[in-house]
Amino acid sequence: YKKMIVGIDLGTTNSLVGVYQDGQVKLLPNAFGEYLTPSVVALDDNDEIIVGKIAKERLVTHPDRTLSQFKRFMGTKHELVLGNRTYKAEELSSFVIRKLVDDAESFLGEKVEEVIVSVPAYFNDAQRYATKLAGQFAGVKIERIINEPSAAALAKKSMSNQEDQSFVVVDFGGGTLDISVVELFDNVVEIVSIAGDNRLGGEDFTAAIAEEFLTSNHLSRKSISREFYSKILVQAEKAKLNLNINEEVQMLVMDQEKEYSLDLTYQRFYELCQPLLARLKSVLDRALRDARYSYVSSENFVLVGGTSKLRLVQDFLSYCIDQAVQLTDDPDKMIAKGCALLAGIKGRQGEVRDLLLSDICPFTLGTSVVGDRFSPIIERNSPLPTSKKEHYYTAELGQSQVRVEVYQGEMMKASQNLFLGELEVPVPVNHEVNEGLTIRFTYDLNGILDVEVTIDSTQEVFNHVILQESITLTEEEIKEKQAELTRYKINAQETEVYRFLIEKANRVYSMLLGRRRDELMAETRRFEEEVKQASMYHLPKLYQSFSNYLEFLERGL
Ligand code: ADP
Ligand code: MG
């Protein structure tokens, strides 16, 4: 008996699912035959939750009932409004996980028992915990959380049969940038350093184009409707992709019978993105500095994530290291492949060699001392598992208690870091000298922190495991969240394509004018009628021809 475990790349923009089967990694397609499922959640007209490509279509037509990019709020208290309810990022992510698992199950014809999910290396404890909750809400067990660069390195290692190597994994996604130095030797994958910016991604390059569009048309975001801005973003995204192959592109957007345009050259695009590229450079420098690398060759680079496909990014990285950086594999699928590979290792299937994963602690853990100062105990980028101790004294003579507060973060002031928990320890009352105590932090591979305090004079030991009680939910609360999933209707896969086409027709309609609108409406009606009458055998052809028609209209926009 083999457990069915799938690997999931739960991205800010797109998510993927894969398995390890018959001795190899297989990514699993959704109902559209595509590997990338947009991480977008929407409420449809019947108040049911829809996820993926259909939901993405509705971003333009129903911006108030659609949410995307919510991974940015993972692990925070921030709530996002959808219809007449608010959701936290982990709840929205649970819908995405459920959707991927459903698609995987219908493709495999088998029940998925466990999942492995990747997270940006820079995710802190709260964000990792939120990801685990998302799995729980979705009704699947998250077997393991893996850092995205570890997954990419695993995939890379399995594809090339090269000798031991060190890699600079540049993961540039839709909303986050992570750069990690990863070393591979024997069966060990070791992350040597990580640096990141979880507020920088492909969407920012799109937004930079949108901004230029607004400025040159004397518009501002405040003065235009959300619908208009959504339309601008759709066209800006197209322009961005076009600039990969063209030196100059033209962007056209219609709003209320008026046409707006922008001519954009690659050179100008490069200029507009200078601030973004400067941030990319500073993250790269930090990753290399932390790894104590003074030289890297282009062969060491592994480009991962959709934004790595941007010519601008490749050109800029080449300029940074003074050598041509090239794409070899499919950047936006590397992490998912790594997750699937790990799923294979975990399921102990076939010939996958057992790889040891050595990880690092991506943030500093410490305690507070007098005056709200932060005193680090485990430093950022320490290899895991790790155990470190520091020695402290009571602040005052005659003190009978010491409160050991535990924080994670990189700020000088303790209170500005993330508070993880605390431990009250009695100390012998001593009016002569300050009592000494040793605090030991032990952090394991699963992100569980054990705090141990030893009093010098008595050698008494106090222990505390940090479980993040503030964000731990009761059984009941978890049941409640799972019940929420029943509102998410799993669309039969064949009707999903149909619904997508109707949503797309709506979006294209909103961008057209006059006679072409009437035409599209008539065509859509006819399509709906034909689908009702058609046999299963004819449906795919009908879908295809209507899809071609929409594509044709869209190209003319
Ligand atoms: P995430 O990891 O955030 O889910 P992805 O790795 O899927 O995201 O990357 C999505 C981003 O990649 C989007 O911003 C998209 O515009 C960008 N992208 C996808 N394909 C290309 C391409 N060919 N050229 C440039 N950017 C691309
Ligand atoms: Mg990604």
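## Cavities

A cavity is a set of grid points, laid over the protein atoms alone, where a 1.4 Å probe fits but cannot get out. In this predicted model, there are 4 cavities of 30 Å³ or more. The largest cavity holds about 70 Å³ of space.

Let's look at what surrounds that space. The lining of the largest cavity takes in Lys-156 together with Phe-301, Val-302 and Leu-303, then Gln-326, Leu-327, Thr-328, Asp-329, Asp-330 and Pro-331, and finally Met-334. Strand 17, which covers residues 301-304, contributes the most to this lining, with 3 residues. By residue class, the lining of the largest cavity comprises 6 nonpolar, 2 polar and 3 charged residues.

## The shell around ligand 1

Now for the ligand. Ligand 1 has 18 residues around it, and those that come nearest are Asn-14, Gly-174, Glu-237, Lys-240 and Gly-306. Sorted by class, the shell around ligand 1 has 12 polar residues, 4 charged and 2 nonpolar.

Which helices each supply at least two residues of the shell around ligand 1? They are helix 5, spanning 202-216, and helix 6, spanning 226-242. Helix 6 gives the most to the shell, with 3 residues.

## Polar contacts with ligand 1

Several side chains are worth a look here. In the side chain of Lys-240, an N or O atom is 2.7 Å from an oxygen atom of ligand 1. For Glu-203, an N or O atom of the side chain is 3.2 Å from an oxygen atom of the ligand. Asn-244, in turn, places a polar side-chain atom 2.8 Å from a nitrogen atom of ligand 1.

How much of ligand 1 does the protein bury? Taken alone, the ligand exposes 580 Å², and the protein buries 86% of that.

## Salt bridges

Finally, the charged pairs. With a side-chain nitrogen of Lys or Arg required within 4 Å of a carboxyl oxygen of Asp or Glu, the count comes to 36 salt bridges. One of them joins Glu-114 and Lys-3, whose closest N and O atoms are 3.3 Å apart.

Conventions. Residues numbered from 1 in each chain as written. Chains lettered and ligands numbered in written order. Predicted model: local features only at pLDDT ≥ 70, side-chain atom pairs only at ≥ 80, totals over all residues. Heavy atoms only, no water. Near = heavy atom within 4 Å. Polar contact = N/O pair within 3.5 Å; in protein donor to acceptor, adjacent residues only side chain to side chain. Areas by Shrake-Rupley, 256 points an atom, 1.4 Å probe, with all protein chains shown as cover. Helix = DSSP H or I, 4+ residues; strand = E, 2+ residues; numbered from the N terminus. Nonpolar A, V, L, I, M, F, W, Y, C, P; charged D, E, K, R; others polar. 1 Å grid on protein atoms, 1.4 Å probe; cavity = no way out; pocket = protein on both sides within 12 Å on 5 of 7 lines; lining within 4 Å. Points joined across faces, edges and corners; volume = space filled by probe spheres on them.
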